[in-house]
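Hello,

Here is the structure I promised to pass on to you. Please open it alongside this message and follow along as you read.

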Amino acid sequence: MTDSTQPGSLRVAVVGCGAMGSVYAARLARAGHDVIIVDAWAEHVAAITAQGLHITGPDGDFVAAIQAFTTIPDSTVDLVVLAVKAADVRPAATELGGLIGPDTLVLTIQNGLGPAEIVADHVGSDRLIVGIAKGFGASLVGPGQAHHNAMRALRFGAYGGLDPQRVETVAAAWRLGGFDAESVADINAMQWEKLICNVAYSAPCALTGMTVGQILDDEQMSRISSLAATEAWQVARAAGVAVHVADPVEFARDFGAQMPNAKPSALLDIEAGRVSEIGFINGAVPREGAKVGLSAPVNTTLTALVNALESKSRT
């Protein structure tokens, strides 16, 4: 790791500085890490360069002075945080070369299943860490400004043969930034546990415009939500994933009850006319199910309907 003026600090590049990436970057910089930002939104980068990155939230407002770029600089870092949307992972992963040296670690944090495999193909599996964000809520207020209203936990795990101690070093660096961050032995199980909850609300909310709580309260949509979660749980168990979930319906409903007013990212994407991550969320269930001989008709149908809705919105 790079020498630094503060014990435990790292040189970090956050690639994809949307709402959550902005919160990651600003809090890591405030903790003393040497952070740079790479994002394609030129106005955002210009505002950060001129005035710093402004963050508001429940733990106070602050401004972080951070170097920002619209393209990948030729500057090796200790840690690359790939915080782009799942749909943008492939092009982003192909352009990381200027940041990566022999000892650089890459942390990828996306919703759903599949992005880590794409990143590993481009950077190598033995430097890759998979991250899961739980209970995060963030939004971009404007160029150079982000707000976060919820931040529960981050969990990190090795994708391939990476030494667990190096994963723990990264988790410790995030704890310096005030995050509830831990390294875990079985990140795959945690990905599936999050997926069971996400499939219950991502597509149903995207299709109906309902919040999570409205899905829970609607008799028909609640049933569809429960069926989607159950399919994901069945596929995980058939695949030998050690999920700690006894009842997927209760598990998903308990998750939803904690954030009844939330709009999943898939709904926000539909409302904004963006391509959603639905193929990596609900779409992951039939894709992974096929590997173990299981069909997933509910999630297959939900995914197709969201894809059709996206296609219609772009015409």
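Below are some notes on what turned up in it.

First, the ground rules. This is a predicted model, where local features need pLDDT of at least 70 and side-chain atom pairs count only at pLDDT 80 or more, while totals for chains, interfaces and linings use all residues. Residues are numbered from 1 along each chain as its sequence is written, and side-chain values use heavy atoms, with hydrogens and water left out.

Let's start with the inside. A nonpolar core here is a set of buried Ala, Val, Leu, Ile, Met, Phe, Trp, Tyr and Cys residues joined through side-chain atoms within 4.5 Å. Buried means under 20% relative accessible area, exposed over 50%, and partly exposed in between, with a 1.4 Å probe and protein chains only. The largest such core has 39 residues, and Tyr24, Phe156 and Trp174 touch the most other members. Apart from it lies another core of 35 residues, including Cys205 and Leu267.

Next, the aromatic rings. Rings of Phe, Tyr and Trp (its six-membered ring) pair if their centres lie within 6.5 Å; planes under 30 degrees apart count as stacked, over 60 as edge-to-face and the rest as tilted. That rule gives 5 aromatic pairs. One of them joins Phe156 and Trp174: with ring centres 5.4 Å apart and planes at 70°, the pair is edge-to-face. This pair links distant parts of the chain, as Phe156 sits in strand S11 (residues 153–158) and Trp174 in helix H5 (residues 164–176), 18 residues apart. (Helices, H or I with at least four residues, and strands, E with at least two, are DSSP runs numbered from the N terminus.) Phe156 has 0% relative accessibility, so it counts as buried, and Trp174 is buried too, with a relative accessible area of 0%. The rings of Trp174 and Phe179 have centres 5.0 Å apart and planes at 55°, so that pair is tilted. Together, Tyr24, Phe156, Trp174 and Phe179 form one aromatic cluster.

Two arginines are worth a look as well. A charge sits over a ring if NZ of Lys or CZ of Arg is within 6 Å of the ring centre and within 35 degrees of the ring normal. Arg27 lies over the face of Phe179, at 5.0 Å from the ring centre, and Arg30 over the face of Phe62, at 4.0 Å.

And where is Lys312, buried or exposed? It lies in helix H12 (residues 297–314), and it counts as exposed because its relative accessibility is 65%.

Best wishes
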